[in-house]
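We'll go from one stop to the next, picking a few residues each time.

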Amino acid sequence: MNILVTGGTGYIGSHACVALLEAGHDLIVVDNLYNSKIDTLEKMMRLTNKEITFYQVDLTNELAVDKIFSIHSIDGVIHFAGMKAVGESVEVPLTYYYNNIVSTMVLVKACLKYNVYRFVFSSSATVYGDNTVPFVETMDLLPTTNPYGETKAMSERILIDIAKANPTFSVSLLRYFNPVGAHESGLLGERPNGTLNNLMPYVTQAAKGVIKKLKVFGSDYPTVDGTGVRDYIHVMDLAGGHVAALNNIKKGVQIYNLGTGKGTSVLELIHAFEKENGIEVPFEFVNRRPGDIAICYADVSKANKELNWTAKRDIFAMCRDTWRFEQNLVK
Ligand code: NAD
Ligand code: UD1
C-alpha cells in the first residue's frame with residue numbers, strides 16, 4: 001500500500017517506517033523537522049534499500065497537506081506527528097492544543113476529501129490516567145494531568161466521532177506504553193532536538209557522565225522497591241505493531257494497547273542497563289515528580305489476539321540497543 005506517514009523522521013515514526021518498508025509498503029513521509037533531523041531519512045533508506053518520498057511540511061498547513069493528497073494516491077495514513085513533552089505542554093498549552101489537534105483535523109479532512117479510509121493514530125497510555133492496572137481498552141478514561149495528555153484523549157474522541165459519521169472510515173487508535181530502545185543496527189534511535197523527557201534518555205546521559213546522577217523520582221511508591229513501575233516496550237516491537245494494525249484494520253474504531261504487559265520499576269531498569277552494558281548508572285533519589293502515577297502496565301491480550309502481534313524483546317534488549325545507538329552517536 002501507499003502509506004502517508006506523518007512524523008516519520010521522529011523517534012517512533014522512523015522505526016515504524018523501516019518496518020513498513022520491510023513489509024513492502026511504499027511511503028510518503030511528512031514532517032516539519034521540528035523535533036527530528038533530515039539525515040534520519042537517508043538512514044531509513046540505507047537500512048531498507050528502498051526509496052521514501054519526503055515532504056518538509058507542517059501539518060497545520062491545510063493547503064500544503066491538501067496538495068500532497070492531490071498528488072499521491074494514498075491508501076492509508078499513520079499519524080505519528082505531534083508535540084510530546086509533558087512539562088512543556090503545561091508551559092505552552094495553546095501551542096500543544098493547536099499543533100496536535102489542528103494537525104489531526106487537517107489530516108482527517110484531507111482523508112475524507114480524497115477517500116483515504118485507513119487511519120492509524122499514535123495515542124498514549126496516558127489517557128488511562130490513574131486507573132487500576134493492568135489497563136484494558138474497555139476502561140473509562142480518566143483525566144490526564146497535562147495538556148499533552150488531553151490532546152491525545154481529545155484526538156481519540158474526534159476520530160471516534162468522525163468514524164461514527166463516516167461508516168467507511170477505519171480508525172486504529174494505538175495506545176503506546178513506554179517506548180524505549182533503538183534499531184538493532186545502531187543507526188536509528190531517539191534524537192530529540194529539545195530537552196529530554198523520559199527516563200531512558202536520562203539513564204544514558206548518567207551512564208555517559210553528561211549528567212552527574214540520574215534523579216529517581218520517588219522511592220515511596222507502593223511498588224516492588226518503592227520506585228515507579230512502567231511497561232517499557234522496544235521501539236522495534238512497537239514498529240511491528242503498526243504493520244500489524246494496518247494489516248488488520250477494520251471499519252469503525254479499534255483501540256489497541258501496545259505494550260509488553262509487564263511492569264518494570266525504575267531501579268530494575270537501572271540495574272538491567274548496568275548488567276547488560278557493563279557500565280554504572282549513578283543515581284540519587286529525589287521527590288516524586290508531580291503528575292506521575294505509581295504503576296502503569298498494559299493488558300495486551302486484545303492486540304495479541306486481534307492483530308496477531310506480541311512484543312518479543314525483553315528489557316535487556318531494550319537497554320542493549322539504546323546503549324549501542326548512544327555509542328554510535330559519539331563515534
Ligand atoms: P518525536 O518528537 O520523536 O516525533 C514526532 C515527529 O512529529 C517529529 O519528527 C516532529 O518534527 C514531527 N511533528 C510535530 N509536529 C508536527 C507538525 N505540526 N507537522 C509536521 N510534523 C510535526 O516523537 P515520538 O516519540 O516519535 O512520538 C510519536 C508519536 O507517538 C507522538 O504523537 C507522541 O505523542 C506519541 N507517543 C509517544 C510516546 C513516547 O514515549 N515516545 C508515548 C506515547 C505516545
Ligand atoms: C511520561 C508522561 C506521559 C507520556 C509518557 C511517554 C509524565 C507525567 N507523563 O510518562 O504522559 O505518555 O511519558 O512519553 O511526564 N523517572 C525518573 N527519573 C527521570 C525520568 C523518569 O525516576 O529522570 C521515572 C518516572 O517517575 C516514572 C518512570 O521513570 O516512574 C518513567 O518515566 P517517563 O519515561 O517519563 O514515562 P511516564 O512517567 O510513564
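Which residues have the most contacts inside the largest nonpolar core? Select Val5, Leu27 and Trp309: they have the most contacts inside this core, which has 37 residues. A nonpolar core here is a set of buried Ala, Val, Leu, Ile, Met, Phe, Trp, Tyr and Cys residues joined through side-chain atoms within 4.5 Å. Buried means under 20% relative accessible area, exposed over 50%, and partly exposed in between (1.4 Å probe, protein chains only).

A quick word on the model before moving on. It is a predicted one, where local features need pLDDT of at least 70 and side-chain atom pairs count only at pLDDT 80 or more, while totals for chains, interfaces and linings use all residues. Residues are numbered from 1 along each chain as its sequence is written, chains are lettered from A and ligands numbered from 1 in the order in which they are written, and side-chain values use heavy atoms, with hydrogens and water left out.

Helices (H or I, at least four residues) and strands (E, at least two) are DSSP runs, numbered from the N terminus. Zoom in on Val5: leaving out residues up to four places away in sequence, Val5 touches Cys17, Leu20, Leu27, Ile28, Val29, Val30, Ile78 and Phe80. Contact means heavy atoms within 4.5 Å.

**Ligand 1**

Next, select ligand 1. Around it are 28 residues, and Ile12, Asp31, Asn35, Ser36 and Asn99 come nearest; a residue is near a molecule or strand if one of its heavy atoms lies within 4 Å of it. Show the side chain of Ser36, where a polar atom lies 2.7 Å from an oxygen atom of ligand 1. A side-chain N or O atom of Tyr148 is 2.8 Å from an oxygen atom of the ligand. Taken alone, ligand 1 exposes 810 Å², and the protein buries 96% of that (Shrake-Rupley method, 1.4 Å probe; for residues, only the protein chains shown count as cover). Strand E5 (118-124) gives the most to this shell, with 3 residues.

**Ser122**

Stay on strand E5 and pick Ser122. Is Ser122 buried or exposed? Ser122 counts as buried because its relative accessibility is 5%. Its side chain and that of Tyr176 are joined by a polar contact of 2.7 Å. A polar contact is a pair of N or O atoms within 3.5 Å; within protein, one must be able to donate a hydrogen and the other to accept it, and residues adjacent in sequence count only if both atoms are side-chain atoms. A polar side-chain atom of Ser122 also lies 3.3 Å from the backbone oxygen of His79.

**Ligand 2**

Last stop: ligand 2. Which residues come nearest to ligand 2? Of the 19 around it, they are Leu199, Lys215, Arg230, Arg289 and Asp292. A polar side-chain atom of Arg230 lies 2.6 Å from an oxygen atom of ligand 2, while for Arg289 such an atom lies 2.8 Å from an oxygen atom of the ligand. Taken alone, ligand 2 exposes 740 Å², of which the protein buries 90%. To finish, colour helix H7 (199-208) and strand E8 (214-217), the elements that give two or more residues to this shell.
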